[in-house]
Amino acid sequence: MTTVESLRYIVPELVLTATILVVFVGDLLVRQKDRLGELALVGTAAALFAVARLSHADGTYLFNRMIVHDQFAVFFQVVFALATLATVWMSLGSKEVQRTSQGEYYGILLASALGMFFMASASNLLMAYLSLEFVSQTSYVLTGSLRHNRRSGEASLKYLIYGGVASGAMIYGMSWIFGLTGSMDYAAINAALASGAQSPLALFIAIVFVLAGFGYKIAAVPFHMWAPDVYTGAPIPVTAFLSVGSKAAGFALLLRFFYPALSSLGEAGRWQVLGGADWPQLVLVLCMVTMTLGNLAALQQDNIKRLLAYSSIAHAGYMLMGFVVLSDEGLRAVLFYLVTYYLMNIGAFLTVMIVANATGREDVEGFRGLAWRGGSIPAVAMAIFLFSLAGIPPLAGFVGKFYLFAAVIREQFYVLALVAGINSVISLYYYARIVRAMFLEFPTGGEGAVAVDWSNAALLGLLSVCTVVLGVYWAPVIALADRSVRFLMG
Amino acid sequence: MDHILTYMTFIPLFGAVIVLCLPRDAHALIKWMSVAATVPPLLLAIWLYINFDRTAPGFQFMQQANWIPSFNIRYVVGVDGISITMVLLTALLCFLCMFASWGIEKGVKGYFALFLLLDTGMMGVFCALDFFLFFVFWEVMLLPMYFLIGIWGGPRREYAAIKFFLYTLLGSALMLLSMLVFYFNVTDPATGQHTFSMIAMMNQANQSEWLRNGVLFGQSVPVVVWIALFIGFAIKIPAFPFHTWLPDAHVEAPTAISVILAGVLLKMGTYGILRINYGILPEASASLAFLFLGVLGVVNIVYGALCAMAQKDLKKLVAYSSVSHMGYVMLGMASFTAQGINGAVLQMFNHGTVTAMLFLLVGVIYDRAHHRNIDGFGGLASVMPVYTGVTAIAFFAALGLPGLSAFISEILVLLGAWQRYPVLTIVGATAVVLTAGYMLWTLQRIWLGALNEKYADIPEINGRELFTLVPLAAIVIVLGIYPTAILDLMGPSLNQLNGVVATFL
């Protein structure tokens with residue numbers, strides 16, 4: 001499709017771009033900077049609306065096959081738009097964000113979302129690299145947006161250095177793939193691999209390098225080291241955004257590269273690896289190590305943001321379960337899990353922000369007796385999110401895990417299932433530690449009251465109700481995920 | 001009355017929602033509302049008891065609905081002879097425990113709402129016939145239990161609550177995996193798709209070749225799955241060596257929660273083994289029951305009794321006596337004889353009533369003396385004659401005195417087990433002496449002998465407390481004389497199940 005014809009398929013991206021420009025210009029003109037946040041909110045909502053309007057269009061390649069518009073991309077774009085909406089909403093009520101230069105903050109936040117939109121739809125290595133870098137660069141700035149806070153600056157620098165190394169490795173791997181297949185277009189790579197003229201070893205090495213970049217984005221071991229520091233240092237809304245949006249974007253890129261580009265779809269929704277490179281075995285090991293390390297490290301954390309950082313590493317491990325089984329069921333499970341993960345993780349960070357706003361504390365001790373000192377609503381909501389993260393029915397997180405386990409058992413990866421099962425039990429311990437602080441311990445007096453304003457309460461209520469409802473009736477969402485596991489190939 | 005089981009399950013949940021909407025300080029209103037939410041299930045349970053067809057071995061009062069069609073997850077409830085006894089027990093104990101919770105003063109609203117949620121979870125577990133539904137209810141019980149022990153419990157409540165939670169969740173994780181193995185290896189002949197229906201799973205013809213004869217981790221598949229499920233259920237029973245959470249949880253939990261824990265939750269372990277391990281994997285059950293249920297059951301009996309004997313804390317003694325008494329259930333189940341297996345389920349019911357009485361009685365004395373040290377009392381019979389009378393019934397029932405309910409079930413278990421495992425039965429039977437020993441010794445130390453002057457004006461048991469105990473005492477006496485009242489409910493179902501498993505012996 002030519003450039004001009006392609007334009008009507010990227011209306012959401014255009015809306016976001018326009019909003020970004022207006023926010024930046026507005027920053028120079030408007031005195032009340034809060035208005036810029038509201039503008040960003042409207043812009044994101046408009047983008048979400050535009051995505052929804054395009055959701056029934058047939059799959060098609062755009063801009064000379066650089067990006068692709070298909071159900072898979074639409075699904076992720078909806079997730080990104082919702083994540084951005086929630087983040088902007090949170091930012092409006094965040095004391096931390098009010099200390100940043102808000103015009104830049106909101107503009108860059110939306111720019112990051114724009115990059116994610118392209119990550120979901122990239123169908124060419126070049127586009128994949130550019131969009132990933134775009135998201136990374138904006139994330140560095142967002143992380144460091146608390147300019148007078150040393151932790152924030154340090155986090156930003158660490159993020160930048162890790163990111164630089166990882167993306168360097170990734171582009172090196174991409175160059176190998178280009179060398180092996182003679183193309184950067186996913187479909188052409190797939191065709192070249194299907195002919196089977198490449199050395200499997202060379203291909204495997206190339207894939208390992210590419211995995212470095214993707215693994216870094218989803219915070220999988222061994223590319224996870226940045227996450228705890230960055231999550232701790234960044235303003236809380238940014239942490240929420242990175243933990244959900246950035247991770248989802250990483251998965252979008254990962255799935256589209258490893259499935260339509262490197263594998264072929266066989267019978268009964270099962271995929272076959274092309275070119276003889278045994279990367280599923282490698283990812284299987286990484287997956288088990290990621291969830292185990294994330295959970296074990298989280299056990300020792302006292303700072304809740306850091307604890308949730310390790311928990312998000314563990315959840316990357318869980319989601320990789322759906323990735324390694326090489327089946328549509330697994331992919332569907334990953335997509336469904338991302339929705340539930342969005343609800344519970346944003347919710348958890350929102351509660352952390354409410355407590356931090358009121359008391360300035362981000363440690364588990366700061367949650368002591370929360371239910372008994374005026375914060376019973378955030379405490380109950382937080383308990384819902386945490387137990388959902390631990391995978392306890394009837395909450396959304398359980399359903400997500402159920403589908404992942406189902407995909408794993410169907411393909412008979414019993415050891416993986418067992419490791420993941422034990423991991424869920426371990427994870428309960430640290431999630432329950434926060435619940436215990438909130439409910440089972442009583443305030444000693446010095447903690448200060450926690451009040452919730454209406455806007456945070458509204459979002460909190462919405463997320464927690466969705467977490468419960470999705471745990472009891474999830475048929476529409478799984479149907480949506482099912483529909484979205486459709487790549488445009490060839 | 002097609003939806004009777006659904007009503008019984010969800011009316012308490014509905015009550016919980018209403019309780020949450022009541023004003024925080026309206027304590028009396030909250031308490032009476034909670035009682036009101038447990039009355040309909042109790043009345044329906046009585047109706048169920050009267051109308052239950054005692055000749056049919058299959059499931060009755062079934063209701064089915066689609067839930068998540070794309071994964072064939074359905075809402076299916078129904079009762080047979082095994083589950084109806086547990087449903088009756090649950091309805092009765094939940095009603096009585098509302099009154100036993102009258103003394104709660106901290107966070108009243110939360111306590112009663114969680115209790116009602118727990119009620120829904122327990123009912124659901126016993127009624128569910130879809131494995132997924134069963135699993136969800138199984139887990140739904142966990143959260144309220146965690147908070148009820150953790151917030152309203154004793155000094156070490158935080159430790160006890162998380163220990164209970166982690167142990168049970170470990171079992172749940174294994175159950176989840178086993179459930180999925182079943183799902184992908186059972187085909188519903190009616191639809192040709194995989195299914196979570198327990199009824200379909202129980203038909204061997206629907207199971208895949210791999211599930212029946214495959215190899216996993218170097219063992220046969222049914223054996224591996226059986227053991228995974230068994231660990232999950234054994235934690236709940238609790239079978240040695242998975243019992244260590246129980247004394248902690250019991251000692252720290254408030255009285256009513258101890259009653260529910262011992263009276264209903266422990267039964268879920270043995271119920272699950274009967275329903276799922278026996279029902280779906282009869283061949284593995286026949287080969288593994290001796291070691292995992294017979295031997296471990298006798299270990300439970302003897303070890304529990306010895307531990308109980310050594311306790312200084314009255315509540316801990318009762319907790320260990322539960323470990324011992326649940327051993328009889330395991331031994332009876334392992335026997336694969338009509339007497340043994342009927343005795344086992346009768347013992348589940350009887351233990352539910354007897355141990356509920358014991359915990360209520362401990363609660364009575366703890367509320368007055370604020371300690372439970374067995375050696376710290378003495379001669380209470382002279383100041384609390386009524387209390388002592390009720391206690392005597394409960395204690396004599398627990399030690400298996402003829403004429404009271406537990407005697408019947410224990411003798412049935414021993415008679416049944418004797419036919420298959422004479423040596424185990426002899427060892428198990430000697431523990432009857434141990435039980436009598438610690439029960440009588442305790443009775444003597446607390447209620448008989450010279451009066452401890454400290455408790456000269458201890459108030460007699462009050463009307464509310466008596467109200468919770470009398471129905472249970474009546475059941476204990478009636479079932480001691482006329483056990484058929486319960487036995488004829490379960491006979492056909494159990495004999496059919498036993499028939500299936502026994503063919504593989």
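How many of the 490 residues of chain A count as buried? The figure is 62%, where buried means 20 or more other C-beta atoms within 10 Å of a residue's own, exposed means 12 or fewer, partly exposed is in between, and C-beta atoms are placed from the backbone.

Hello everyone, and thanks for coming. Before going on, a word on the model and its labels. This is a predicted model, in which local features need pLDDT of at least 70, side-chain atom pairs count only at pLDDT 80 or more, and totals for chains, interfaces and linings use all residues. Residues are numbered from 1 along each chain as its sequence is written, while chains are lettered from A and ligands numbered from 1 in the order in which they are written.

Let's start with the two chains. Chain A holds 20 helices and four strands; helices here are DSSP runs of H or I with at least four residues, strands are runs of E with at least two, and both are numbered from the N terminus. Its radius of gyration is 21 Å, close to the 23 Å from the globule rule for 490 residues, so chain A is as compact as a globular protein of that length. That radius is taken over C-alpha atoms, and the rule is 2.2 Å times the number of residues to the power 0.38. Along the principal axes, the C-alpha atoms of chain A fill a box of roughly 70 × 55 × 40 Å. Of the contacts in chain A with a separation of 6 or more, 80% come from residues 24 or more positions apart; a contact means that two C-beta atoms, placed from the backbone, lie within 7 Å.

On to chain B. Here too we find 20 helices and four strands. The radius of gyration of chain B is 22 Å, close to the 23 Å that the globule rule gives for 505 residues, so chain B is as compact as a globular protein of that length. Its C-alpha trace spans about 75 × 60 × 40 Å along the principal axes, and 61% of its 505 residues are buried.

Now, where do the chains meet? On one side are 25 residues of chain A, in contact with 27 residues of chain B. On the chain A side, the elements giving two or more residues are α17 (396-410), α18 (414-440) and α20 (475-484). Of these, α18(A) gives the most, with 13 residues. By class, the chain A side has 21 nonpolar, two polar and two charged residues. For the classes, Ala, Val, Leu, Ile, Met, Phe, Trp, Tyr, Cys and Pro count as nonpolar, Asp, Glu, Lys and Arg as charged, and the others, Gly among them, as polar.

Strands β1 (residues 60-68) and β2 (residues 73-79) of chain B run antiparallel and are joined by six bridges; strands pair if DSSP finds at least two bridges between them. B:Q60 stands opposite B:V79, and B:Q64 opposite B:V76. Four residues lie between the strands, and B:N72 takes a positive phi near 55°.

That leads to the backbone details. Most residues other than glycine have a negative phi, and most peptide bonds are trans. A:N64, between β1 (60-62) and β2 (67-69) of chain A, has a positive phi near 55°. A:N64 is exposed, with 12 other C-beta atoms within 10 Å. B:F217 has a positive phi near 50° and is likewise exposed, with 11 C-beta neighbours inside 10 Å.

As for cis bonds, one joins B:F240 and B:P241, with B:P241 in the loop between α10 (221-236) and α11 (245-252) of chain B. Another runs from A:V221 to A:P222, with omega near 0°.

A:L286 is buried, with 22 C-beta neighbours inside 10 Å. Thanks, and I'm happy to take questions.
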